[in-house]
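Here is a short note for a colleague who is opening this structure for the first time. Please read it with the model on screen.

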Amino acid sequence: MLKIYNTLTRQKDEFKPIDKNIVRMYSCGPTVYNYAHIGNLRTYIFTDLIRRALQITGHKIKGVMNITDVGHLMEDSDDGEDKMAVAAKAQKKTPLEIADYYTKVFFEDLKKLNIQTPEIVAKATDHIDEMIDFVKALLDKGYAYETSDGIYFDVSKFEKYGNLSGKKLDEQVAGARIAVDTEKRSPEDFALWKKAEKGHIMQWESPWGMGYPGWHIECSAMSKKYLGEVFDIHSGGVDHIPIHHENEIAQNEALADKQTVNYWMHAEFMLVDGGKMSKSLGNTYTIKDLEDRGYDALDFRYFCLNAHYRKKLNFTFEGMDMAKTARARLNAALLEHKESSNKTDPKIIKEYEDKFIAAVEDDVNAPLALGILFTAIKEPKSKDIYELALRFDKFLALSFDKIKKEQEDAIPEEIIALANSRAEAKKARDFKKADAIRDEIDAKGYSILDTREGYTIKKKV
Ligand code: AMP
Ligand code: ZN
């Protein structure tokens with residue numbers, strides 16, 4: 001039985017899909033004004049793990065992820081310029097060019113991290129009509145009002161506002177900064193639609209003149225379009241709980257008059273060196289940064305799998321080194337299992353399999369699942385263990401099907417050429433020359449070992 005922690009109920013709930021044939025799931029996607037950093041990517045790995053947990057427990061999925069290419073302002077509230085416009089200005093490009101470029105890189109990163117692409121990827125700018133319709137409906141139902149600069153959601157009309165984060169409206173209002181927009185009825189009211197100020201770079205026609213959508217409305221409009229009014233799972237990072245998801249709930253439920261998402265799931269934040277990630281600290285690392293430092297993207301996936309998604313994860317390069325070494329060890333052990341023709345008692349295999357599934361079913365416990373694999377590889381070498389690992393890989397997604405002998409790949413041409421000339425020297429009984437070449441190979445960090453069949457070369461560790 002799959003249990004998942006539900007932010008809404010604050011407990012692990014048994015997962016019961018609305019429709020047993022298909023799980024409907026929505027995940028907040030990237031704002032494509034910059035490269036995704038490792039914190040963002042942790043959250044997408046988390047979403048991928050939910051998907052894979054559902055799949056290996058027998059569910060089919062209809063997943064939707066949005067691409068935010070308009071409406072996400074510099075502050076998560078309604079202030080500041082649009083993030084897309086800021087990037088466009090800085091890079092002297094159009095918002096469309098910015099969005100296309102970073103969307104492309106984003107999907108390349110996902111691919112490297114073995115993150116599945118959801119069944120539907122929806123761009124905000126392709127859904128302006130749906131958003132306008134949503135806003136119109138909220139106005140008609142009396143949940144929204146117009147000011148001189150936009151259409152706002154009236155949170156006082158929505159009694160459950162604050163339920164997800166557990167913050168009551170009174171506390172929020174008391175803690176909020178003074179509203180800049182005095183026409184707003186309450187500082188917590190948020191923009192559904194903004195009227196375009198002069199020269200605003202992205203704007204569309206609407207019943208309220210030229211304008212652009214608020215950020216929260218896009219997720220409500222697109223989830224409704226593709227998943228229906230009521231769906232199973234909504235995921236995102238914990239930072240989205242107090243504003244973005246609270247606002248999504250308000251919009252959805254105001255329209256539907258009922259609860260629209262059954263399970264809210266949130267990934268905890270990634271820290272770097274124990275602190276916040278920020279541009280000014282230069283620690284918003286990307287996958288490319290990690291690759292440039294000699295890590296494989298899957299070392300980062302492994303690093304993330306090692307911590308439960310509901311725990312903060314502190315990124316350090318020492319931690320990455322450990323992840324890289326552990327993954328290499330795991331792969332080396334699996335390779336030996338792969339090459340063995342021995343068998344393992346099916347009962348033992350079944351026990352590992354059951355434990356693994358139990359870990360996955362216990363709120364997607366990836367570190368526990370990984371630990372079970374680590375115990376399994378200590379079994380005497382057997383092809384069955386490798387095949388077991390391949391089944392586990394449907395969840396872990398560490399590409400166990402692609403592992404191969406490191407030596408085969410890693411020996412540079414130059415060393416192979418030297419080894420060949422050493423073999424020729426030996427054949428010609430020029431042992432002095434052969435020894436000199438061995439020394440040269442040695443000095444370059446490789447050792448050569450003569451065998452009955454010829455020789456093998458190994459990188460020295
Ligand atoms: P954004 O592109 O800013 O909308 O963020 C994309 C996703 O990354 C959202 O689901 C955020 O919750 C998540 N996110 C942002 N920063 C971090 C972080 N430091 N650690 C984990 N997730 C994050
Ligand atoms: Zn969203």
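1. Ground rules. This is a predicted model, in which local features need pLDDT of at least 70, side-chain atom pairs count only at pLDDT 80 or more, and totals for chains, interfaces and linings use all residues. Residues are numbered from 1 along each chain as its sequence is written, chains are lettered from A and ligands numbered from 1 in the order in which they are written, and side-chain values use heavy atoms, with hydrogens and water left out.

2. The chain as a whole. The chain holds 16 helices and 15 strands. These are DSSP runs numbered from the N terminus: helices are H or I with at least four residues, strands are E with at least two. The C-alpha trace spans about 95 × 55 × 35 Å along its principal axes.

3. Burial and surface. The chain has 461 residues, and 51% of them count as buried. Buried means under 20% relative accessible area, exposed over 50%, and partly exposed in between (1.4 Å probe, protein chains only). The accessible surface of the chain is about 22300 Å², with 51% of it belonging to carbon and sulfur atoms. Such areas come from the Shrake-Rupley method with a 1.4 Å probe; for residues, only the protein chains shown count as cover.

4. Contacts along the chain. Take contacts (heavy atoms within 4.5 Å) between residues at least 6 apart in sequence: 74% of them join residues at least 24 apart.

5. The shell of ligand 1. Which residues come nearest to ligand 1? Of the 15 around it (a heavy atom within 4 Å), they are Gly 39, Asn 40, Thr 43, Asp 239 and Met 270. Helix 1 (residues 38-56) gives the largest share of the shell, 4 residues. By class, the shell has 5 nonpolar, 8 polar and 2 charged residues.

6. The side chain of Asn 40 places an N or O atom 3.0 Å from a ligand oxygen. For Thr 31, a backbone N or O atom is 3.1 Å from an oxygen of ligand 1. At Met 270, a backbone N or O atom lies 2.8 Å from a ligand nitrogen. Alone, ligand 1 exposes 490 Å², and the protein buries 91% of that.

7. His 59. This residue sits in the loop between helix 1 and strand 4 (61-67). Is His 59 buried or exposed? His 59 is buried, because its relative accessible area is 17%. Beyond its neighbours within four places in sequence, His 59 is in contact with Phe 15, Pro 17, Val 23 and Leu 54.

Terms used
Polar contact = N/O pair within 3.5 Å; in protein donor to acceptor, adjacent residues only side chain to side chain. Nonpolar A, V, L, I, M, F, W, Y, C, P; charged D, E, K, R; others polar.
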